Amino acid sequence: MLGIIGGSGLYSLESVGQVKRKRVKTAHDERTVPAEIIVHEGGQFVFLPRHGKNHQIAPHEINYRANIVALHKLGVSQIVAVNAVGGITENTRPGAIIVPDQLIDYTWGRASTYAEGEGVEVSHIDFTHPFDEALSQRLLNAVESANTKASQRRVVLAQAVYGVTQGPRLETAAEIKRMQQDGCDIVGMTAMPEAALARELGVDYAMLALSVNWAAGVLPGVISMEEIQAVMRDGQSFLHGVLLRLIKEGAR
Ligand code: HPA
C-alpha cells in the first residue's frame with residue numbers, strides 16, 4: 001500500500017475519498033500516531049501529516065521513528081513524502097517541482113535509527129541512493145501528466161540534492177552558500193531521518209518537493225513568510241493532482 005506523508009501546506013487528503021481514522025500504537029511514543037486510511041476509487045492509501053493537522057509539530061520535534069513504524073504497521077510498503085523546500089540552484093525557483101535523487105544530512109540530535117538500544121542488533125543499511133528510483137520515476141510520470149497547462153507549466157527538476165537542515169529557523173546566507181558548494185540544490189528540514197528509517201524497514205521512499213522560496217541569500221533581502229504561504233497555497237492543487245494520478249495508477 002502507498003503511504004503519503006504530508007509536509008507544510010498539506011495537512012489532509014480527506015477530500016479525495018472516504019476516510020478511516022487510525023491511531024497506531026508504537027514502541028517509540030507514549031502517544032499514538034494519528035493516520036488516515038483513505039479509500040479512493042476501489043484502492044486505498046494511508047495519509048499522515050508529519051507536522052500534525054494544525055502544523056503544531058516543528059521539524060526537530062517530529063517523532064520520525066513512530067511515524068514510519070506506524071505506516072509500516074498499517075501495511076505501507078511505499079512512501080511518497082511531500083515537502084516544501086527552499087531553492088538554491090537553477091531550476092528550483094519558487095513554484096518549481098523537484099524529485100530529488102540525493103540528500104546531505106546536516107541535522108543533529110534526532111532519533112534517527114531503529115538499530116539502537118539494549119538487545120537490538122546493530123545494522124548498517126546501504127544508503128548510496130536514498131530515494132527509491134522506481135517510485136521516483138512513477139512520481140515523475142505523474143508530475144508530467146499533471147503538468148499540461150501551458151499557461152501554468154511548472155519547472156520540473158528530476159535530479160537534485162536535498163540538504164536537510166535542523167531548523168526550525170531558516171538558514172543564514174553563508175550556510176546556504178556552503179550548502180551550494182557542497183552540491184545541494186534544495187534545502188528543507190524533514191527528509192532525514194525519515195528516508196533512512198524507511199530504508200531500515202525496507203519501505204521504498206521518494207519525494208515530491210515544491211519550492212516555496214529562494215533560499216537565504218540567493219536574492220538580496222530577507223525571506224518573506226507571506227510569499228512562502230502564497231506559493232504554498234498556489235501549489236496545493238497541483239500537488240493534489242500529482243498524488244491523485246499516482247494513486248490511480250497504483251490502484252490499476
Ligand atoms: N530552508 C529550509 N527549509 C525550508 C525552506 C528554506 O529556505 N523553505 C521551505 N522549507
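Among contacts in the chain between residues at least 6 apart in sequence, 79% join residues at least 24 apart. Contact here means heavy atoms within 4.5 Å. The model is predicted: local features need pLDDT of at least 70, side-chain atom pairs count only at pLDDT 80 or more, and totals for chains, interfaces and linings use all residues. Residues are numbered from 1 along each chain as its sequence is written, and side-chain values use heavy atoms, with hydrogens and water left out.

Start with the overall layout. The chain holds five helices and 11 strands. Its radius of gyration is 17 Å, close to the 18 Å that the globule rule gives for 252 residues, so the chain is as compact as a globular protein of that length. That radius is taken over C-alpha atoms, and the globule rule is 2.2 Å times the number of residues to the power 0.38. Helices (H or I, at least four residues) and strands (E, at least two) are DSSP runs, numbered from the N terminus. Along its principal axes the C-alpha trace spans about 50 × 45 × 35 Å.

Next comes the surface. Buried residues make up 51% of the 252 residues. Buried means under 20% relative accessible area, exposed means over 50%, and partly exposed lies in between (1.4 Å probe, protein chains only). The accessible surface of the chain comes to about 12200 Å². Carbon and sulfur atoms account for 49% of that surface. Such areas come from the Shrake-Rupley method with a 1.4 Å probe; for residues, only the protein chains shown count as cover.

Now look at strand β11, residues 204–214. Nine of its 11 residues are buried. Strand β5 (residues 78–87) pairs with β11 in the parallel sense, over 10 bridges. Two strands pair if DSSP finds at least two bridges between them. Gly87 has Trp214 of β11 as its bridge partner. Strand β6 (residues 97–98) also pairs with β11, but in the antiparallel sense and over two bridges. There, Ile97 is bridged to Leu210.

The loop between β5 and β6 is worth a stop. Ala96 sits in that loop. Ala96 is buried, with a relative accessible area of 1%. Leaving aside neighbours within four places in sequence, Ala96 is in contact with Asn91, Val155, Ala209, Leu210 and Ser211. Glu61 is 35 residues from Ala96 along the chain, and their C-alpha atoms are separated by 27 Å. Asn91 is found in the loop between β5 and β6 too. Asn91 counts as partly exposed, at 40% relative accessibility. Its phi is positive, about 65°, although Asn91 is not a glycine. Most residues other than glycine have a negative phi, and most peptide bonds are trans.

Helix α1 spans residues 64–73. Eight of its 10 residues are buried, so α1 is largely enclosed by the rest of the structure. Among the buried ones are Tyr64, Arg65 and Leu71. What covers them? The cover of the buried residues of α1 includes β1 (2–6), β2 (18–26), β3 (29–40), β4 (43–49), β5 and α4 (191–200). Just after α1, Gly75 takes a positive phi of about 100°.

β2 and β3 pair in the antiparallel sense over eight bridges. They form a hairpin with two residues between them. Val19 has Ile38 of β3 as its bridge partner. β3 and β4 pair in the antiparallel sense over five bridges. Ile37 stands opposite Val46 in β4. The hairpin of β3 and β4 has two residues between the strands, and Glu41 in this hairpin takes a positive phi near 45°.

His55 lies in the loop between β4 and α1. Its phi is near 50°, a positive value in a residue other than glycine. His55 counts as partly exposed, at 35% relative accessibility.

Two cis peptide bonds close the tour. One runs from Gly167 to Pro168, with omega near -5°. Pro168 lies in the loop between β9 (161–164) and α3 (173–182). Another runs from Met192 to Pro193, with omega near 10°. Pro193 lies in helix α4.
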